[in-house]
Amino acid sequence: MGRFEESVEVRAPLDTVYEQWVRCEDFPHFMRGVVSVDRDGPGSSAWVVRTAGGRRAFEAVTTEAVECERVAWDGGDGPVRHSGVVTFHHVDDGTTRVMLQLEMEPHGILEHLAEALGFVDRRIIDDLADFKRHVEETAGPVSG
């Protein structure tokens, strides 16, 4: 199982960044790696993502949610077996650091190769950059 850790600083207040993150059903509108997210109920969602092996669907269950601090999830035993946690850190009144830790088990030869070549980490970096851009554009200019 591969372990990935990436972070991004978002020029927006912590509560704004957190609220945007927990609205994961909006991710397909701005994250290139996410095709669709549908909430199945409290703490449960159905995802379709782009991987090196093509499109993959999985169910995710929120295992922990502490408002404005962290969200953890488990992606189950499906074809995209993974778990992760994202934490939110106050840098200053107008900046928040988002830290993502993800453990993922590649499925099939293409996904093993993609992980070995760094493509999985690159997808995570790109999706965090997409999130940053979306929040900053949505939140507007930060004063201070």
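Is Arg 133 buried, partly exposed or exposed, and what is its relative accessible area? Arg 133 is partly exposed, with a relative accessible area of 41%. The legends below describe views of a predicted model.

**View 1. Arg 133 sits in helix H3.** Helix H3 covers residues 119-139. Arg 133 counts as partly exposed because its relative accessible area, 41%, falls between the cut-offs of 20% and 50%. Phe 30 is 103 residues from Arg 133 in sequence. In space the two are 8.6 Å apart, C-alpha to C-alpha.

**View 2. Seven strands form an open sheet.** The order of the 7 strands is S1-S7-S6-S5-S4-S3-S2. Their pairing is antiparallel. Strand S1 (2-10) and strand S2 (34-41) stand at the edges. Each has a single partner strand, so one side of each lacks a neighbour in the sheet. From one strand to the next, the twist averages 25°.

**View 3. Strand S6 pairs with S5 and with S7.** S6 spans residues 81-92. It meets strand S5 (residues 70-74) over 5 bridges, in the antiparallel sense. Within this pairing, Trp 73 has Gly 84 of S6 as its bridge partner. S6 is also joined to strand S7 (residues 95-105) by 11 bridges, again antiparallel. There, His 90 has Thr 96 of S7 as its bridge partner. S6 and S7 form a hairpin, with 2 residues between them.

**View 4. Strands S3 and S4 pair over 8 bridges.** The two run in the antiparallel sense. Val 49 has its bridge partner in S4: Arg 56.

**View 5. Helix H1 lies across strands of the sheet.** H1 covers residues 14-22. The strands it lies across are S1, S2, S4, S5, S6 and S7. It runs at about 160° to S6. Which residues of H1 are buried? They are Leu 14, Val 17, Tyr 18, Gln 20 and Trp 21. These residues cover an arc of only 165° around the axis, so they lie on the same side of H1.

**View 6. Trp 21 and Phe 88 form an aromatic pair.** The structure holds 9 aromatic pairs. In this one, the ring centres are 6.4 Å apart. The planes stand at 70°, so the pair is edge-to-face. Trp 21 lies in helix H1 and Phe 88 in strand S6, so the pair ties together parts 67 residues apart in sequence. Both residues are buried.

**View 7. Trp 47 and Phe 58 are a stacked pair.** Their ring centres are 6.0 Å apart. The planes lie at 10°, so the pair counts as stacked. Trp 47 is in strand S3 (residues 44-51) and Phe 58 in strand S4 (residues 54-66), 11 residues apart. Trp 47 is buried, with a relative accessible area of 14%. Phe 58 is buried too, at 9% relative accessibility.

**View 8. Trp 47 belongs to an aromatic cluster and to the largest nonpolar core.** The cluster is made up of Tyr 18, Trp 21, Phe 27, Phe 30, Trp 47, Phe 58, Phe 88 and Phe 131. The largest nonpolar core has 30 residues. Those with the most contacts inside it are Phe 27, Trp 47, Phe 88, Val 98 and Phe 131. Which residues does Trp 47 contact, leaving aside its neighbours within four places in sequence? They are Cys 24, Phe 27, Val 34, Ser 36, Val 37, Arg 56, Ala 57, Phe 58 and Ala 60.

Technical notes
Residues numbered from 1 in each chain as written. Predicted model: local features only at pLDDT ≥ 70, side-chain atom pairs only at ≥ 80, totals over all residues. Heavy atoms only, no water. Buried < 20%, exposed > 50% of the residue type's maximum accessible area, 1.4 Å probe, protein only. Helix = DSSP H or I, 4+ residues; strand = E, 2+ residues; numbered from the N terminus. Arc of directions from axis to C-beta. Pairing = 2+ DSSP bridges. Phe/Tyr/Trp six-rings, centres within 6.5 Å; stacked < 30°, edge-to-face > 60°. Core = buried A, V, L, I, M, F, W, Y, C linked by side-chain atoms within 4.5 Å. Contact = heavy atoms within 4.5 Å. Axes fitted to C-alpha atoms, helices over the stretch in contact; angles between N-to-C directions.
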